[in-house]
Amino acid sequence: MTENFPLYLIILLPLLGAALNLLFGRRFGNTFVSVVACSAVAGAALVATKAVLLVASELPARGALVDQLVSGDWIVAGDFKLQAGLMLDRLSSVMVMVVTWIALLIHIYATGYMEHEPDFARFFGYLNLFTGAMLILVLGDSLPVTFVGWEGVGLASYLLIGFWYHEDKNATAGRKAFIVNRIGDFGFLLGICLLFTVVGTVKYADFGSIAGRLMTPWWMGWPVGYWIAILLFVGCCGKSAQIPLYVWLPDAMAGPTPVSALIHAATMVTAGVYVVARCHTIFDTFPEAAKMTVAGVGALTALFAATIGIVQRDFKKVLAYSTVSQLGFMFVGVGTGAYTAGVFHLMTHAFFKAGLFLGAGSVMHAMGGEGDIVKMGGLGKHMPITRWTFFVYCLAIAGIVPFAGFFSKDAILAGTFAAEFRMSTQMTGAQAHLVALYPKLLWGMLATAALCTAFYMWRLYFVVFTGKFRGTEEQEHHLHESPMSMTLPLVMLAVGSVLAGLIGVPAVMTHGLPESLEHVLTFFNHWLSPAMVPASPEPHEHWLEWALMGGALTISLCGIGLAAALYRGGISETAENLKDKLGFAHKLLWNKYYVDELYDFLLVRPLRRVAVILWKVVDNLVIDLGLTKIGPYIVDSLGALVQRFQNGDVQRYIIAVMVGAAGILFGSTYWLAYQGIQGEVKVERRTVTLKLGDARMRPGQLIYAIDWDGDGKFDDTNVRFNSELKHEYGNAGQFKIVVEARDPVWNMVKRSDDWFFGASTPLSAKVE
Amino acid sequence: MIAVATSDFASLDLGSLLMQAAQVQAVPASSLTPAGWTPAWAFWILSALVVVGAISTISQRSLISAVMSLVATFFGLAGLYATLSAHFLAAIQVLVYAGAIMVLFVFVIMVLNRDEVERVSDRGLLDKAIGAGALVYLAVRLGEVIASPVGPVSRMSKPAPEFGTVAKIGEYFFTEFLFPFEAISILLIIAVIGAVVVARTVVSRPTTSYEVPNAASGSAEGGDDHAGGDAHGAHGGH
Amino acid sequence: MQLLVQNLLSVGLHHYLILAVVLFGIGTFGVFMRRNALTTLMSIELILNGGNLTLLAFARSHQDMRGQALALLVIAVAAAEAAIGLAIVVGVFRNRHNTNIDELNLLRY
């Protein structure tokens with residue numbers, strides 16, 4: 001089932017590239033940096049391809065290539081032990097291929113796009129770092145290793161969003177992304193911990209057998225699997241920009257465009273979808289409330305972001321909301337159990353969304369950094385390659401047959417329509433009815449979102465590439481097609497956008513075709529399921545499937561038609577009128593439903609107020625005025641006391657040494673002996689018990705001689721230290737007891753009847 | 001007997017000499033542990049020389065007299081070493097201490113050419129009294145312990161024939177004490193260089209904090225004609 | 001009385017040790033009483049010789065030559081100490097025109 005393969009190479013190469021570029025890139029110049037960065041990713045892509053071919057050809061469906069990341073134990077804490085390894089199976093194969101090859105194309109593109117950038121080396125160092133971290137995420141064989149990659153891509157994302165940190169806006173966007181992701185990551189980490197606590201394993205390979213343990217009832221009567229799934233999904237919401245944590249992604253467009261294409265469209269943001277598919281056992285826990293949550297959040301996000309996308313004017317903002325929306329589609333896919341469809345859409349989306357962003361970069365490159373689409377127009381004739389590739393991407397994302405988006409989006413829509421959530425059998429009739437209706441509701445939301453998608457993408461296309469140029473003359477003069485390094489990836493991604501969908505054609509469409517062709521066309525459908533993930537739900541009747549497909553296509557065409565009517569050949573007056581007429585709706589959408597303002601009011605401001613209180617009260621008063629003043633005051637006054645001895649006079653120092661030595665000698669002998677002669681007398685008829693010495697003394701330090709009757713002659717001599725001594729008197733009377741303690745080493749002799757420092761209570765015994 | 005002693009260094013053992021002498025003195029054998037070996041008179045004379053010399057060293061007003069007293073002390077000590085069968089050490093004591101180091105002292109005293117005006121400063125006399133008290137306490141207690149019959153009984157037996165020979169010391173320096181020996185040689189080199197660096201006549205010296213700035217500008221050739229000594233007064237004293 | 005005669009006539013380890021204590025005491029007393037740096041150095045030599053005397057006495061008593069080897073090392077250290085100390089005294093004298101150690105207190109607080 002498993003076979004060893006040096007998977008670490010796939011990770012190591014980009015990380016090495018990052019190290020080289022960050023440490024030495026600046027010194028060796030841009031050519032060096034480009035070669036190192038691109039060849040590192042190309043090497044990773046080739047090794048990954050070799051590995052994936054092995055998975056495809058030599059391993060059984062559930063097989064995986066494995067490798068060690070850390071030899072022996074990775075984390076050891078008492079009984080807790082964790083290993084770190086890498087694993088490549090069919091699911092991670094899809095991700096690895098997408099990540100490495102698209103990263104390679106974007107690296108090549110960026111060498112052209114960033115050619116005037118002074119911080120070239122830093123950019124490519126970060127980009128390689130991201131690629132390495134993303135591959136750790138994808139190749140990790142357990143949730144903790146994935147989490148390492150998860151945090152790594154978060155870091156790289158933060159660094160790249162704020163790449164031009166000289167502008168406050170960009171740095172703020174980076175911070176926002178980082179902080180919002182922290183919220184999600186916290187949930188993710190809690191989910192891992194809970195999983196480990198309850199189930200005892202976090203390795204993906206063991207997930208097949210944990211379903212039973214996940215059923216354990218936990219908080220609020222729900223099975224523990226539900227809570228783990230929800231916690232993991234909180235992390236996925238952060239990373240994959242779902243409601244309510246999507247707000248960072250549109251702002252993240254502050255980063256350079258290749259970054260938006262690679263991280264914030266094609267790879268990193270899909271990590272959440274990957275994790276849900278990877279942990280499907282957890283999400284499948286009965287009752288399937290977690291899946292309902294995932295699908296519901298996904299559908300809501302898809303619709304929500306798509307409507308915002310309709311009115312935005314910034315090129316990259318439109319694409320950003322489009323990404324959020326498409327990620328929502330994917331989550332509906334994995335949430336309704338159509339895992340194959342979700343992952344398939346992830347793959348096809350990576351092609352055309354990366355292409356869209358690169359196209360946007362190409363346009364903005366030509367426009368001198370201008371991103372407002374209202375100031376563009378008619379660019380098609382100046383940059384034909386960008387225009388026609390963009391045309392293909394728009395067809396793909398709108399879902400026109402036979403482009404990639406059609407098949408994947410259709411698979412999700414069909415899966416959603418046919419989905420059934422298994423909930424508790426004790427539901428009332430109305431509840432069961434609602435649960436049965438839920439997938440249809442989701443389907444409706446997705447269909448609306450698809451309509452919006454087709455509309456805003458084609459609005460973008462028409463406004464930017466058709467009609468007359470609306471910018472300044474200087475900009476128009478400057479318009480040019482981008483260099484080869486940028487157009488080549490555009491073309492390749494366009495080819496991918498055409499072809500990628502053709503490996504996941506629904507089975508109904510391939511009936512009657514030759515078997516070999518059918519095998520190719522439905523390749524993706526049985527690549528994952530049922531080996532890796534459960535099979536997608538499918539409509540039972542063929543006519544329904546055809547109808548759904550036709551409906552989706554019609555919706556897309558409607559969207560395109562609407563966009564063409566309003567924006568073909570420039571922004572029409574109808575569009576402007578419509579905007580004025582629907583003033584309120586437009587304003588709401590333009591301001592993104594005021595979500596940022598809401599968060600600002602609900603979270604940011606209260607937090608800020610708390611922070612101000614902490615600053616003014618705790619920091620300024622308690623710490624600055626209190627601790628930092630009192631502490632030094634104590635130290636200062638003690639110092640003032642002690643510094644009098646530090647008078648620089650060597651003679652006094654040596655006097656102090658002498659006094660100290662004398663004190664030690666006195667303390668260790670005289671005082672010890674003094675303690676030794678202290679005693680307690682207990683009389684019982686004629687037997688007297690003498691308890692000697694201090695309890696703190698160690699036995700054997702002193703030798704005693706005891707005169708029981710005070711006649712000056714010691715009755716017991718050479719008595720070793722003993723806490724209690726007994727003596728029997730022959731006759732009655734009052735007796736004086738004298739104890740002599742001798743320190744054998746220092747020959748210190750001390751008697752209890754000494755006039756000077758004798759025993760503190762005179763020792764005597766009255767015997768009857 | 002003396003002829004024998006000069007011909008054979010090892011047999012210059014005053015201990016064995018005096019062992020015979022002690023027996024000759026007809027001390028009741030029963031009251032003595034068998035190995036009373038040192039000629040008691042030699043010890044007493046030498047230790048008297050040492051104690052008187054030491055007291056003289058720390059009490060003389062004239063530095064040259066103090067050094068001479070110290071030389072006498074060292075000679076006495078060398079004799080005591082010899083009674084302890086440490087003939088080589090005795091010779092080194094005379095050569096290095098009474099010879100080299102003392103010559104160094106004499107040179108420095110001649111260079112400085114200043115006798116003390118005031119032997120003991122009247123400042124901090126209370127401290128000094130306390131220190132002296134502590135010292136006396138320490139000495140008396142230590143002496144008490146050493147002299148006590150309970151402590152390790154101290155009669156010494158006749159040493160083995162090779163004890164105290166130069167060969168034996170050399171053997172130790174090439175085996176067990178090799179590292180300290182090498183370390184000491186490095187220390188001596190450092191001391192030689194350090195002494196030269198510290199005592200060298202400085203031609204131009206940067207202004208130090210206790211100097212009066214305008215005095216420093218006039219003392220480029222360093223040494224003797226600046227106001228550094230006076231400037232100390234401005235620093236505050238005690 | 002018999003004990004006193006015995007101790008006068010027969011000399012053993014403790015005689016040497018007590019002499020070493022006395023030497024050490026005189027040296028220490030000199031260090032903290034006298035003002036002159038040179039006298040202080042001489043007192044330090046007395047202290048070191050007190051230590052040497054114990055080493056040699058014990059070496060003789062235990063029949064162990066290592067004590068003598070150690071004493072030789074002490075003499076070497078003493079020589080180095082004297083050389084450096086005297087150099088410092090000369091340096092100090094050159095700067096301050098006296099060698100009173102109770103006035104050398106620049107390292108105070």
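This is a predicted model: local features need pLDDT of at least 70, side-chain atom pairs count only at pLDDT 80 or more; totals for chains, interfaces and linings use all residues.
**Notebook: chains C and A**

I went for charge pairs across the interface and counted zero salt bridges between chain C and chain A (a salt bridge being a side-chain nitrogen of Lys or Arg within 4 Å of a carboxyl oxygen of Asp or Glu). The side of chain C that touches chain A does hold four charged residues, along with eight nonpolar and two polar ones. For the classes, Ala, Val, Leu, Ile, Met, Phe, Trp, Tyr, Cys and Pro are nonpolar, Asp, Glu, Lys and Arg are charged, and the others, Gly among them, are polar.

Residues are numbered from 1 along each chain as written, chains are lettered from A and ligands numbered from 1 in the order written, and side-chain values use heavy atoms, without hydrogens or water.

**More on the interface**

I looked for polar contacts next and found two residue pairs between chain C and chain A, both at pLDDT 80 or more. A polar contact is a pair of N or O atoms within 3.5 Å; within protein, one must be able to donate a hydrogen and the other to accept it, and residues adjacent in sequence count only if both atoms are side-chain atoms.

How many residues are in contact? I get 14 of chain C against 10 of chain A, contact meaning heavy atoms within 4.5 Å. Together the two chains bury about 980 Å², with 67% of it on carbon and sulfur atoms; that is accessible area (1.4 Å probe) lost on putting the two parts together, summed over both.

**Chain C**

I read chain C as α-β-α-α-α along the sequence, with four helices and one strand. Helices (H or I, at least four residues) and strands (E, at least two) are DSSP runs numbered from the N terminus. Of its 109 residues, 65% are buried, which is under 20% relative accessible area with a 1.4 Å probe, protein chains only.

**Chain A**

I counted 26 helices and 14 strands in chain A. Buried residues are 54% of its 768. Among its contacts between residues at least 6 apart in sequence, 76% join residues at least 24 apart.

I then stopped at Asp372(A), in the loop between helix H14 (339–366) and helix H15 (384–398). Is Asp372(A) buried or exposed? Asp372(A) is buried, at a relative accessible area of 14%. Its side chain makes a polar contact of 2.6 Å with the side chain of Arg313(A).

Note on methods
Buried means under 20% relative accessible area, exposed over 50%, partly exposed in between (1.4 Å probe, protein chains only).
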